[in-house]
Amino acid sequence: MLLVRGHGGGTALTGTVYERGETAPTFKGAPDEDAPYVWVCDEFYEVESGGSETTIDGREINVAFDTPMPRGFDTRDQAVDAAKEHVRTQFARVGVPADEVQIEVIKTEPDAV
């Protein structure tokens, strides 16, 4: 299992790449269980009212979350590249420029999370 974590605007977002042989979560919209690599992460965006309050770059904003959109990939590189892009996109949706987002990839054991 790989954790792909982005840091930006004073906060962080982490998603998970389930690797070949690991069991990714199953729920409506999950990719074909035969995909060797599965990326799962929240999607969020800024809203005028409602949602959850958070601080990004010193600004108090409200964010709403969408159901995680799992995606299946054939290779680890494809999954990690898509994960990094996804994380950068989520930060951009709340005003943090992509070049200000620091990404780290952390290898972990499935039972350790």
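Two strands count as paired if DSSP finds at least two bridges between them. Strands (E, at least two residues) and helices (H or I, at least four) are DSSP runs, numbered from the N terminus. The structure is a predicted model, in which local features need pLDDT of at least 70, side-chain atom pairs count only at pLDDT 80 or more, and totals for chains, interfaces and linings use all residues. Residues are numbered from 1 along each chain as its sequence is written, and side-chain values use heavy atoms, with hydrogens and water left out.

Start with the open sheet. Three strands build it, in the order E4-E6-E5, with antiparallel pairing. Strand E4 (43–47) and strand E5 (52–56) are the edges; each has a single partner strand, so one side of each lacks a neighbour in the sheet. From one strand to the next, the twist averages 50 degrees. Such angles run from 0 to 180 degrees between N-to-C directions, and the axes are lines fitted to C-alpha atoms. E5 and strand E6 (residues 59–66) run antiparallel and are joined by five bridges.

The loop between E4 and E5 holds Ser49. Buried means under 20% relative accessible area, exposed over 50%, and partly exposed in between, using a 1.4 Å probe and protein chains only. Ser49 counts as exposed, at 59% relative accessibility. Its C-alpha atom lies 8.9 Å from that of Ile61, which is 12 residues away along the chain.

Now turn to strand E1 (2–8). Five of the seven residues of E1 are buried, so the strand is mostly covered. E1 pairs with E2 in the antiparallel sense over seven bridges. The two strands form a hairpin with two residues between them, and Gly9 in the turn has a positive phi of about 60 degrees. Gly6 stands opposite Leu13 in E2. E1 is also joined to E8 by six bridges, again antiparallel. There, Arg5 has Glu104 of E8 as its bridge partner.

Strand E2 also contains Thr16. Thr16 is buried, with a relative accessible area of 13%. Contact means heavy atoms within 4.5 Å. Not counting residues up to four places away in sequence, Thr16 touches Met1, Leu2, Leu3, Val38, Trp39 and Val40.

Next comes helix H1 (residues 76–92). The expected span of a helix is 1.5 Å times one less than its number of residues. For the 17 residues of H1 that gives 24 Å, and the end C-alpha atoms are 24 Å apart, which agrees. The buried residues of H1 are Ala79, Val80, Ala82, Ala83, His86, Val87, Gln90 and Phe91. An α-helix has 3.6 residues a turn, so residues three or four places apart point the same way. The cover over the buried residues of H1 includes E1, E2, E3, E4, E7 and E8.

Finally, look at the nonpolar cores. A nonpolar core is a set of buried Ala, Val, Leu, Ile, Met, Phe, Trp, Tyr and Cys residues joined through side-chain atoms within 4.5 Å. The largest has 21 residues, and Val17, Trp39 and Val87 touch the most other members. E1, E2, E3, E6 and H1 each give two or more residues to this core. H1 supplies the largest share, six residues. Val87 touches Val4, Gly6, Leu13, Trp39, Val101 and Ile103, not counting residues up to four places away in sequence. A second, separate core has seven residues, including Met1, Ala24, Ala35 and Val38.
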